[in-house]
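Open the model in your viewer and keep the sequence panel beside it. This tour says what to select at each stop and what is there.

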Amino acid sequence: MMKKYLWSFALSAVVLAGCGQKEPPPAPVAAPAPVVSAPAPAPVPAEEKVLNIYNWPDYVPEGMIAAFEKESGIKVNYDTFETNEALHAKLVAGNTGYDIVVPGSVFAKPQIEGGMFQPLDKAKIKNLANLDAPIMATLAKNTDPDNKHLVPWAWGFTTVGINKAKVTKALGKLPMPENAWDLVFKPEYTSKLKSCGIAYLDSPTEIIPVALHYIGKDAYSNDPADYKLAADMLAKVRKDVRIFSSTMIDDIAGGKACVAIGWSGDINQAAARATENKSKDVIESLLPSTGALIFFDTMAITKDAKHPNNAAAFIDFYLRPENAAAMANDMGYPTANKAAMDKIKPEIAGNKSIFVEADYMAKMIAPSSFSNEAREAMSTVYNGFKKGK
Ligand code: SPD
């Protein structure tokens, strides 16, 4: 039993170690509020039986939304976005129409600070108790003080996925590198792999951090001078990169790319799809020797959500052990739901690219966040990289 949960303690240790840099500034002392007579509260209209969710694609098990609709009588409108940038742009514009959104924690922190989410009504979400306490403590420390706004959907890591046979063939006499990042960043490898297709995620805040990590810089550096160094490295492989997309399941399983920078669970789904299609292709989510970048994707209720009670009901439903376990079993991402662990299929619990072993976890890069200025600088560098061929 102890061994089973080692990854969770290792995860929180890594994430805490990576993010414990700054002490928060002391809270300002509030001036006494002037005494005014409050107007009579307006009557609260009953909430219509509707819930609007905005999540990443390929993240919800088949049948889960329908099961919630059937049980609750709430009609769910479920839309998807492919990058944190796309979600962030909607939140900044406001009036998204969505009740629940699922940002990565790297973006959720500035979004909380920008007042884009409302605090959770924890009395309505009893199943919060199912969440893994060390992971929640880590999120509270680094991203969401007192766990006021965010509920983990899943976590995972950004890494390199390959179609093994195609990569081996394209490399010819060149052996697989010790560090899997070489496959996508080192000209010696990319010049060979371009023949079978190299795919990069189409997002500045996905590619620049892994590039920074590869050149030995802090993956979450906010210093534009570091981005220039990352750009210099990326420029050397630009001509070899065929695809910019955030749909690596189709790219790898569909044969458009033999190697991709992608998300662990999506690469696992590509592998499962190849098996289902009885393809001989073996698709693997690799564990680079220098580590991969951990992410947390988290549910939050938008500040202007029209259906906050329905949102709380859905979050509570998702946090049932059987639902969180279904996400891990079907989508190939680890869950932060401790009560779900006994319901994870043995082949998923034992898959080292899903529930990573504690010794590799120690190499993982913990998520942090970027300032608005840093994100802008990263976009400029990334767009320049994409254009330059
Ligand atoms: N198919 C679900 C993909 C979720 C990816 N979220 C990644 C955020 C990483 N920064």
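A cavity is a set of grid points where a 1.4 Å probe fits but cannot get out, and its lining residues have an atom within 4 Å of a point. In this predicted model, a search of the whole structure finds 1 cavity of 30 Å³ or more.

Which residues line the largest cavity? Select Leu 91, Gly 94, Asn 95, Thr 96, Met 116, Thr 302, Lys 303 and Asp 304.

Next, go to the second largest pocket, which holds about 400 Å³ of space. Of its 20 lining residues, select the ones closest to the centre: Asn 268, Gln 269, Ala 271, Ala 272 and Arg 273.

Now select helix 12 (264-276), which gives the largest share of this pocket's lining, 8 residues. Then colour domain 1 (50-155 + 296-356) and domain 2 (157-293 + 370-387): the pocket's lining draws at least three residues from each. The lining divides into 8 nonpolar, 7 polar and 5 charged residues.

Last, colour by pLDDT. The protein averages 91, and 88% of the residues score at least 70. Select residues 1-7, where pLDDT stays under 50, and then residues 15-28, where pLDDT is below 50. Where pLDDT is low, the predicted coordinates should not be read in detail.

Definitions and conventions: Residues numbered from 1 in each chain as written. Predicted model: local features only at pLDDT ≥ 70, side-chain atom pairs only at ≥ 80, totals over all residues. Heavy atoms only, no water. pLDDT = per-residue confidence, 0-100. Contact = heavy atoms within 4.5 Å. 1 Å grid on protein atoms, 1.4 Å probe; cavity = no way out; pocket = protein on both sides within 12 Å on 5 of 7 lines; lining within 4 Å. Points joined across faces, edges and corners; volume = space filled by probe spheres on them. Helix = DSSP H or I, 4+ residues; strand = E, 2+ residues; numbered from the N terminus. Nonpolar A, V, L, I, M, F, W, Y, C, P; charged D, E, K, R; others polar. Domains from an automatic or database assignment.
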